Protein chains: 2
Amino acid sequence: MATPQCERPMRERVEEYINKLQDEIVSAFEKLDPSSPPFKRDSWVRPQGGSGRSCVFASTASSDLAALNGEPSPNASGQQSILEKAGVNISVVHGNLPPAAIKQMRADHSSMPLPEREEGLPFFAAGLSLVVHPRNPHAPTVHANYRYFEITEPKASSSTEASQGEAENAQPKVLAWWFGGGSDLTPSYLYEEDAVHWHTTIRDACTPHGPQLYPTFKKWCDEYFYIPHRGETRGIGGVFFDDLNSGPHARFPGAAEGEEPKRPRTPNECFAFAQSLGNAFVPSYLPILSKRHSLNYSPAERRWQLLRRGRYVEFNLVYDRGTKFGLMTPGARIESILMSLPETARWEYMSEVGQEEGSEEEKVMTVLKEPREWV
Amino acid sequence: MATPQCERPMRERVEEYINKLQDEIVSAFEKLDPSSPPFKRDSWVRPQGGSGRSCVFASTASSDLAALNGEPSPNASGQQSILEKAGVNISVVHGNLPPAAIKQMRADHSSMPLPEREEGLPFFAAGLSLVVHPRNPHAPTVHANYRYFEITEPKASSSTEASQGEAENAQPKVLAWWFGGGSDLTPSYLYEEDAVHWHTTIRDACTPHGPQLYPTFKKWCDEYFYIPHRGETRGIGGVFFDDLNSGPHARFPGAAEGEEPKRPRTPNECFAFAQSLGNAFVPSYLPILSKRHSLNYSPAERRWQLLRRGRYVEFNLVYDRGTKFGLMTPGARIESILMSLPETARWEYMSEVGQEEGSEEEKVMTVLKEPREWV
């Protein structure tokens, strides 16, 4: 189970994987809607270290204007695009984590070393993050994220090691590491068969890595994507996990007594689990989008979708930890952080929509107020 | 200068004033647009103590649907309504402030007593809050708020006083009090004459109460309505103040040395100042709205307005203290707190709008990135 010495460093393997995954996911969307313009690829470099690539889909300016004028926004073949706004982004960044940031992260990551040195510690973070808002109110919004984080020994001490016989270009010693991620679905209208397909695909990606992973991370997802001031979840969930590594994990009771159930522990096992989830994204979501994107919809259904997107904005701006952390980080790439927001959102005072008993709008509210077990 | 014993309690006088002000303001909007439906009056009672009245304007459901269908939403006479979404709300609430809340408020309000008693202390809060989002991109969004806050002795000790000869229905002794409020303007397109009119009217309402009030509270407004992650203010400001009472005030240097400039100090003086600002609302805003609501606008201008409304949402959900406090308060009236959000907001990834040199969109950005002195 131990990682062989000759194996490539995890950071390189993760970087390679998320690059490949980004291409696969973007291609799947482009293949589904060949008459719409392709995603816009946008590479960027972080002055403090690292780089990334955003792949973004947006209504083109001319179709935007048409839509604002009240005309439908057609694509080349005269049809509306399937997606309204989407981003599939990867970033691979590194730098120095100041003691204050280390201290803050220790709250969620027990393996984080104590911030002993004034200069902080080097970190490495690589991840893929995506949000897709389709145009049709019957097609759900989806979000997914897969990430790897490392804290390493400062360069000074690794050069000491190097002088003790290791190669000059040896990788710095990893002091702490973890994987995190997950995916969740936000429908405006509930299709039970879609919810079952979504959760089944994700569960089947989890189970080979441990039978407790899906139920544990499904619950975590329902808890995380919750809007307290509305008393409802953002959507119908999926899985959410963080801080997955070889140490004890707060979400698996019995960890202290060594009674923890089978779960990924070594770097290779955790990476294999993250890959399994990443690879499940296309088969979990694309069949749903294919089935729903061309359904007829009414202005009333569009209105409900925009109201639900208002809730999406409320969650992301008020509660999402990644967004909040990003907005507070000086020099952060705001456009990437707020890429998750929908193109259009709507707020009505005391809206009556969604209140009517027996309506399709009330049906989805029921499962947002009380998360259901889908598989 | 001392308040005469026979004078009515401030809480009653404030309540009466904000009731009257709400009627005046709502009437002014209704008079400007007689062919649109009137504001919807909606009274509510707070189970823990107090009540309020919301006066709300919203596109009616049928015109909503028309707009979502791409048709303009006409009013009775076939015209679009001047306002898109507006709320003019008053609330008069009282109850018990727990020690934790007292402690938190002491950070901003130096006159707040120490939270010595486990049961906390009685509070009273009365205020008017309004947000108006007109439909036309050339007409600015406006926000205003005027509020009065009191902390009183617990009932037990006031009944002791009563037994010492005072009337049974004596008002509780006020331990701390302050006025706060202000108004600020958020244009999508900059009309310098409108900005000058707005600031001149507000300045003229301030100056009789002290020449330093306008410059001090104008600066405070620019600082408060700032969106750090965008590096821009929410709008072109106005005035913002808080914690105004007879004690020293952090915004007036020299307070400790008794060198503070002339400013409202007694309850009557502070109330007179708040009334002066409240009374200035209609003359500061309505002439601007009258001038701009019927200008022709293009879909591109509408798009820019919706993008700017996205920024409005970002400020309110991420930074506004009142909103954040409200969302975290169990049992708070969410619909009133989020009434400030626009009907529709828009987000684009890396939008090119507003970047073009010499454009009208860039012109407004210039004054949002560097607040200007308008009078």
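Visitor: At what angle do the axes of helix H5 and helix H6 of chain A cross?
Guide: In this predicted model, the axes of H5(A) (residues 192-206) and H6(A) (residues 213-224) cross at roughly 130 degrees and come within 8 Å. Axes are lines fitted to C-alpha atoms, for helices over the stretch in contact, with angles from 0 to 180 degrees between N-to-C directions. Helices and strands are DSSP runs numbered from the N terminus (helices H or I, at least four residues; strands E, at least two).

Visitor: What is the orientation of H5(A) and H6(A) to each other, then?
Guide: H5(A) and H6(A) are therefore oblique to each other. Angles under 35 degrees count as roughly parallel, over 145 as roughly antiparallel, 65 to 115 as roughly perpendicular, and the rest as oblique.

Visitor: Which residues make the contact?
Guide: H5(A) contributes A:His199, A:Ile202, A:Arg203 and A:Cys206, and H6(A) contributes A:Leu213, A:Tyr214 and A:Lys218. Contact means heavy atoms within 4.5 Å. These residues divide into 4 nonpolar, 1 polar and 2 charged, where Ala, Val, Leu, Ile, Met, Phe, Trp, Tyr, Cys and Pro count as nonpolar, Asp, Glu, Lys and Arg as charged, and the others, Gly among them, as polar.

Visitor: How are the residues and chains labelled, and what are the pLDDT limits?
Guide: Residues are numbered from 1 along each chain as its sequence is written, chains are lettered from A and ligands numbered from 1 in the order in which they are written. Local features need pLDDT of at least 70, side-chain atom pairs count only at pLDDT 80 or more, totals for chains, interfaces and linings use all residues, and side-chain values use heavy atoms, leaving out hydrogens and water.

Visitor: Changing topic: what rotation superposes chain B on chain A?
Guide: A rotation of 180 degrees, with 0.0 Å of shift along its axis, superposes chain B on chain A (RMSD 0.0 Å). The two copies are thus related as by a two-fold rotation axis. Superposition is by least squares on the C-alpha atoms of residues with pLDDT of at least 70 in both copies.

Visitor: What about the phi of A:Asp243?
Guide: A:Asp243 has a positive phi of about 60 degrees, although it is not a glycine. The residue A:Asp243 lies in strand S9 (residues 237-244) of chain A.

Visitor: Is A:Asp243 buried or exposed?
Guide: A:Asp243 is buried, at a relative accessible area of 8%. Buried means under 20% relative accessible area, exposed over 50%, and partly exposed in between (1.4 Å probe, protein chains only).

Visitor: And where is B:Trp177 found?
Guide: B:Trp177 is in strand S6 (residues 174-186) of chain B, and at 12% relative accessibility B:Trp177 counts as buried.
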